[in-house]
Amino acid sequence: MSKNYGVILVFLGGICWGFSGVCGEFIFLKKGLNADFLVPLRLLFAGILMLLFCLVRKIKINFLIFKNTKHLFTLLIFSFFGIFMCQYTYFYGIELSNAAIATVIQYTAPVFIVLIVCFEQKRFPNIYEILALICVLCGAFLLSTNGDLNKFVISTKALIVCFLSSIGAVCYAIIPRKINMIYSPLPNLGFAMIIAGIAFCLYQKIWEFEVQIDLELILAMLGVIVVGTTMAFGFFMVGLQEIGASKASLISSNEPLAAAIIGYLWLGTSLLIVQIIGFALIMIGILITMLKKEKS
């Protein structure tokens, strides 16, 4: 398989992730449902599909993690403070704003991960890390206020929820580091999704939701669960093997742009000019972080 093919696969993975966010927005806008309905089902079925993907790719699924109390506790923390927090606040952020805004704000997570690493290493951020943080903060300001301190273009609640999704993404990356060194990361992800999905389904009593099922809803749910999970991770993981983690992370950052373009073409969602500048600043901050990581 050529390097170019690996790049294409990772790029397609980013598009799939962006597409799934817009499918969620469609479900909220057109079908009158909410994140309380979508997220538990997404987590449960996505987790099952993830384990099936591991079986197909012959990735070892190690159930010994459930016999080690310390590792199981880490998996549970990952399930609720990583997977659940990241996914629920992301889709709730879409519900309160739109897929483009929620996705790009969640993608600020790498910048904050770098700051956490600086804290762990007991050092000050370097010029690149400071520049990335400034770009992200200025971008978030423009994205949410359109440059006017007295007026929020998106609600304060939406902004807080979207940034919580970014914190969730940080937890998603940091919490399972040790267990991922012992067990395969993808099965860990599948287990965590299933645990969080079952718990949230029971908590929300998902069977009591009044849902009018039609073809559009089924296709949108498949977009969130299948395209946004199996296809996205499948493309990304196969491409990752060809081009490496640094390049794969950089290329997959096309997800926010994909969400913005698909949202505009499908749902007519658009950003104001100053918001587009804010969107661009956040993307620049993300790219600075990833390019610096690739060079280091």
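Here is a short walk through the structure, one selection at a time.

Keep in mind that this is a predicted model: local features need pLDDT of at least 70 and side-chain atom pairs count only at pLDDT 80 or more, while totals for chains, interfaces and linings use all residues. Residues are numbered from 1 along each chain as its sequence is written, and side-chain values use heavy atoms, with hydrogens and water left out.

**Stop 1: the salt bridges**

Side chains of opposite charge can pair when their charged atoms come close. The rule here is a side-chain nitrogen of Lys or Arg within 4 Å of a carboxyl oxygen of Asp or Glu, and the count comes to two salt bridges. One joins the side chains of Asp214 and Lys31, at 2.8 Å from N to O. Asp214 sits in the loop between α9 (185-204) and α10, and Lys31 in helix α1 (residues 3-31), so this pair ties together parts that are 183 residues apart in sequence. (Helix labels are DSSP runs of H or I, at least four residues long, and strands would be E runs of at least two, numbered from the N terminus.)

The other salt bridge is between Lys31 and Glu216, also listed at 2.8 Å, N to O. This pair links distant parts of the chain, with Lys31 in α1 and Glu216 in helix α10, 185 residues apart. Through shared partners, the salt bridges join Lys31, Asp214 and Glu216 into one network.

How exposed are these three? Buried means under 20% relative accessible area, exposed means over 50%, and partly exposed is in between, using a 1.4 Å probe and protein chains only. Lys31 is partly exposed at 22%, Asp214 is partly exposed at 29% and Glu216 is partly exposed at 46%.

**Stop 2: a nonpolar patch**

Now select Ile213, Leu215, Ile218, Leu219 and Leu222. Together they form a nonpolar patch on the surface with about 510 Å² of accessible area. Patch residues have over 30% relative accessible area and no salt bridge; like charges are joined within 9 Å, and nonpolar side chains (Val, Leu, Ile, Met, Phe, Trp, Tyr) within 5 Å. The areas come from the Shrake-Rupley method with a 1.4 Å probe, and for residues only the protein chains shown count as cover. Click on Ile218, which lies in helix α10 (residues 215-243) and is partly exposed, with a relative accessible area of 41%.

**Stop 3: helix α5 and its surroundings**

Move to residues 109-120. This is α5, twelve residues that reach 16 Å from first C-alpha to last, close to the 16 Å expected at 1.5 Å a residue. That expected span is 1.5 Å times one less than the number of residues. Color Ala109, Val111, Val114 and Cys118: these are the buried residues of α5.

Next, pick Thr108, in the loop between α4 (99-106) and α5. Thr108 is buried, with a relative accessible area of 0%.

**Stop 4: two lysines with positive phi**

Most residues other than glycine have a negative phi. Just after α5, Lys122 takes a positive phi of about 55°. Lys122 is in the loop between α5 and α6 (127-145) and is exposed, at 78% relative accessible area. Then jump to Lys58, which has a positive phi of about 60° although it is not a glycine. Lys58 lies in the loop between α2 (35-56) and α3 (69-96), and is exposed, at 77%.

**Stop 5: a pocket**

Which residues line the second largest pocket? Select Ala100, Ala259, Ala260, Ile261, Gly263, Tyr264, Thr269, Ser270, Leu271, Ile276 and Phe279. The elements giving two or more residues to this lining are α12 (255-267) and α13 (273-295), and the largest share, five residues, comes from α12. The pocket has a volume of about 170 Å³. On a 1 Å grid over the protein atoms alone, a pocket is an open set of points with protein on both sides within 12 Å along at least five of seven lines, and lining residues have an atom within 4 Å of a point. Points are joined across faces, edges and corners, and the volume is the space filled by probe spheres set on them.

Methods: On a 1 Å grid over the protein atoms alone, a cavity is a set of points where a 1.4 Å probe fits but cannot get out, and a pocket is an open set with protein on both sides within 12 Å along at least five of seven lines; lining residues have an atom within 4 Å of a point.
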